[in-house]
Amino acid sequence: MGRVTVSRRVGCSPQIAILALVLNFTGQAATQKVKSIPVPGTKAFPESITSTSDGVLFVGRLGDGGIVRVKPRTAEGTVFVQPGASGSRSILGVFADEASSTLWACSNDLSGLGGSAAATDTWSALKSFDLNTGDAKHSFSLPGSNAFCNDITVDGKGSVYVTDSANPTILKLSAGATTFDVFAQDSAFSAPQSGGAGLDGIAFGSDGNLYVTTYTAGELLRVEVKDGKAGHVTKLSGNRHLQFPDALRALGDNSLLLIGAAAATGSAGILSAGLGISANASFNKATQFVAPTATHDVTPFKVQVPQAALDDLKKRLANARWPDKEPVTDWSQGVPLAKIRARTDYWARDYDWRRAERALNALPQFRTALDGVGIYFIHARSKHERALPIILTHGWPGSVFEFLDVIRPLADPTAHGGSENDAFHVVVPALPGFGFSDNPPEKGWNVARIANAWAALMKRLGYERWVAQGGDWGAGVTTALGHIQPPGLAAIHLNWAFVFPQKIPTEGLSQDEQRAVDAAAIFQTQGAGYFLEQATRPQTIGTALADSPVGQAAWIYEKFHAWTDHDGDVESALTNDQMLDDISLYGLTNSAASTARIYWENNPATYVGGKIDLPVGVSVFPREIYRAPRSWAEKDYSKLIYWNELPKGGHFAAFEQPAAFVRELRACFTTLRA
C-alpha cells in the first residue's frame, strides 16, 4: 500500500477517512484523523481500499458498486470501473497488483445495504481490471452456491488468494489458472456470529505466512505457509478496539494494517498490529534486523533496527580481541592496528546509527519482490514532469549510502544549482543480498539476472523510457543492461568502464593504455586477495565476519583507504560517519556472506565488457582501480555520447565527489532529453 488509508462513513456523506490507530501489546490505542475525501455516488459507501506506489487510491463501493479512483494531490474521486462492469455488484475487496498491472476486485450481490450476505448471496466472483485503464480483463467464479469473496492478496509468484467468508475457506487462484483451489480450511475460520461468515481480511506477513481476520469477532489468525502449502492455524488475538474488519494489509515496518469498523463508534480505523511477525516472533528483542516479506506490491518501507541489535553491537565492540601490532609502518599488511582501534573506539562511543536511519527514512523507501527475491530501493520522484528516470547501482563494499548526497540534487535540480531540464526520477536499489534486500535463496544471481530484475523494477514503477548508471558491481550490472537492452532503456553511464580488449597487445600501447594495464596488474598482484577469497569461498569469509563487527569494519575500511582519492588520510575523502554508516549496514543486516557471493556468482570476472551499441557515457575518476582509456572505449561503445576525465575522486565516485557526480550525470544525458 502506498498510503495509510481506510474507508469510513461520515454522517450521510460517504467519504474516505485517513486515520491511524496504533495498537500495542498493552492494548492501548490512539486514533488520529488526517483528512476526508468525498466518494461520488448516492449510496457510495466506501467498503475497501488499495493504493499504488505513486499514491493513487482505488476504493470499492458498497451500494452503488463499481470502483472509484482517487489521484494523489487532487484528492478528487472519479468512477474508474463502472458498476455495470462489475456486474452491478458491490465491491468488498480491491487489491492493486502493480507487477501485472492488474486491479483485482471481489464483486458480490448484496441485495442492498441491509441484506444478509450469507443468507441472500447467490453469486460472487473475483474480477480483474487493467490497473491503468479500468478495462475489464477476466472474471473467475468462486466455487459453491453461496460463495462470498471478501478480501484479496497476491503472493510473489502472481497467485491470488481470497477469503470466502460464507464457507469459510481461503481460496487460491494460481498464476495462469482459471479455477480456484481450496488453499486452507479450518474450524478457527468459523467465528460465532450471525450468518456464519467467518473470514474477511487477508495479507501475507513478513514471515511469509498468511494472516486473516474473522468478521464480527475481530480475531487475527495466522496460517502457516511452508513450501507453498497451508499448515497450522494459530489464533493471535481478539481485538476489542476494532470489529467488522474489512481488509488486512502488511506494512514495511513489520506490522499489519487492520481496516474495518469500530463496534463502539461505527467509524473505521487502521491497526498497526505490532505483532512482531518476523520469523522469530520476537522482532523487538532480536539482535538482527529482519526485513518484512516482499510481494509483487511496491510496499513502503522504513528502517528501524531493533535497539537490541545496537546494544549487541556495542557489546561486541567493547569485547573485541585485538591482534598484535603490525611490524611495518604503512598499510602494506592491511589496516594498521592503531587505525582500526581508533575507528572502533569512535564506533562504540560516538557513532549514532539512528542519525543514519533518519537520513534513510527521510527518503521514500520501498520493497518489492523481483524474480522471487525481495528488493529494497529508494525511489525519489522529481516534481518536474519531464524528469528522466534513472536507476543507480552500487557495488561492494558499497551500499545505497553512497548515493544519499546525490539523490536530492538529481531529483530537485532547481534547488541545487540546476534547471528543471536536469531533473531525474531517481531509483536506487540495493543489490540482492545487500542491505535491506533479501538474500537470494538459490544460486544464479549474476549481473545479467540482476540487470533483468532492474528492468522489471523500472517497468513496475511505470517508466517507459529510462537510463542506468553504475560503478563497481553496479558497473557490471549496468554493462549487462547495455547488452540486454530491455525495453525502455535509452542509455547507460559508467564511472568504471570495462573496456579491456580480449587480448591486450604486447606493443604499441598508448600512454593511457599502458597506464591502465599497469594499474590492473598492480591490483591483481597486490590488491585482489579479498576478491579471490570472496569469489572462491564466500561462506568461509562470511562466517568469520558475521561474528566480528571489528573484522567486518577492517575488511571494508581497508578498501575505503585503498580506493579513495586522498593524500594518505582516508578521512579526508570520507568522514568517519560516512564509512561507519556503510560498515554498520553490513553488520546490522548480517550480510558479509551474502554480499561476498556476488563475486562467486560472477567468477571468473573480467575487465572485458564487450561491445555495446546503446548510447554510453563514461566519467573517469583519477583514483579508480584503473583509468579506462578512451581509445578502448571508442572501440567497444559505438555510440559513446559522453566522456570526461575528472581531476579528483576515486572508486566511490558519488560518495567522495557528490557534486561532481551530479554534474556528470546531468551533462551525460542532456542530449537524451530533447
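How far does helix α6 (residues 447-460) reach from its first C-alpha to its last?

## Helix α6

Helix α6 spans 20 Å over its 14 residues, close to the 20 Å expected at 1.5 Å a residue. That expected span is 1.5 Å times one less than the number of residues. Helices here are DSSP runs of H or I with at least four residues, strands are runs of E with at least two, and both are numbered from the N terminus. Before going on, note that this is a predicted model, where local features need pLDDT of at least 70, side-chain atom pairs count only at pLDDT 80 or more, and totals for chains, interfaces and linings use all residues. Residues are numbered from 1 along each chain as its sequence is written, and side-chain values use heavy atoms, with hydrogens and water left out.

Is α6 enclosed or open? Because 10 of its 14 residues are buried, α6 is largely enclosed by the rest of the structure. Buried means under 20% relative accessible area, exposed means over 50%, and partly exposed is in between (1.4 Å probe, protein chains only). The buried set is V447, R449, I450, A451, A453, W454, A455, L457, M458 and R460. Just after α6, G462 takes a positive phi of about 90 degrees.

## Helix α5 and its cover

Helix α5 (residues 404-411) is also largely enclosed by the rest of the structure, since six of its eight residues are buried. Those are L404, V406, I407, P409, L410 and A411. What sits over them? The cover includes helices α4 (353-361), α15 (653-656) and α16 (658-668), along with strands β25 (373-380), β26 (388-393) and β27 (424-429).

## Where α3 meets α12

The axes of helix α3 (residues 337-349) and α12 come within 11 Å and cross at roughly 80 degrees. The two helices are therefore roughly perpendicular to each other. Axes are lines fitted to C-alpha atoms, for helices over the stretch in contact, and angles run from 0 to 180 degrees between N-to-C directions. Under 35 degrees counts as roughly parallel, over 145 as roughly antiparallel, 65 to 115 as roughly perpendicular, and the rest as oblique. On the α3 side, R343, Y346 and W347 make the contact (heavy atoms within 4.5 Å), and α12 brings N576, D577, L580, I583 and S584. By type, these residues divide into four nonpolar, two polar and two charged. Here Ala, Val, Leu, Ile, Met, Phe, Trp, Tyr, Cys and Pro count as nonpolar, Asp, Glu, Lys and Arg as charged, and the others, Gly among them, as polar.

L588 lies in α12 (residues 576-588) and is buried, at 6% relative accessible area. L588 and P549 are 39 residues apart in sequence, yet their C-alpha atoms are 9.0 Å apart in space.

Most residues other than glycine have a negative phi, and most peptide bonds are trans. Two cis bonds are worth a look. One runs from W396 to P397, with omega near 0 degrees, and P397 lies in the loop between β26 and α5. Another runs from N603 to P604, with omega near 5 degrees; P604 is in the loop between α13 (592-601) and β30 (616-620).

Then there are two aspartates. D371, in the loop between β24 (365-370) and β25, has a positive phi of about 55 degrees although it is not a glycine. D472 has a positive phi too, near 55 degrees, and is found in the loop between β28 (466-470) and α7 (473-484).
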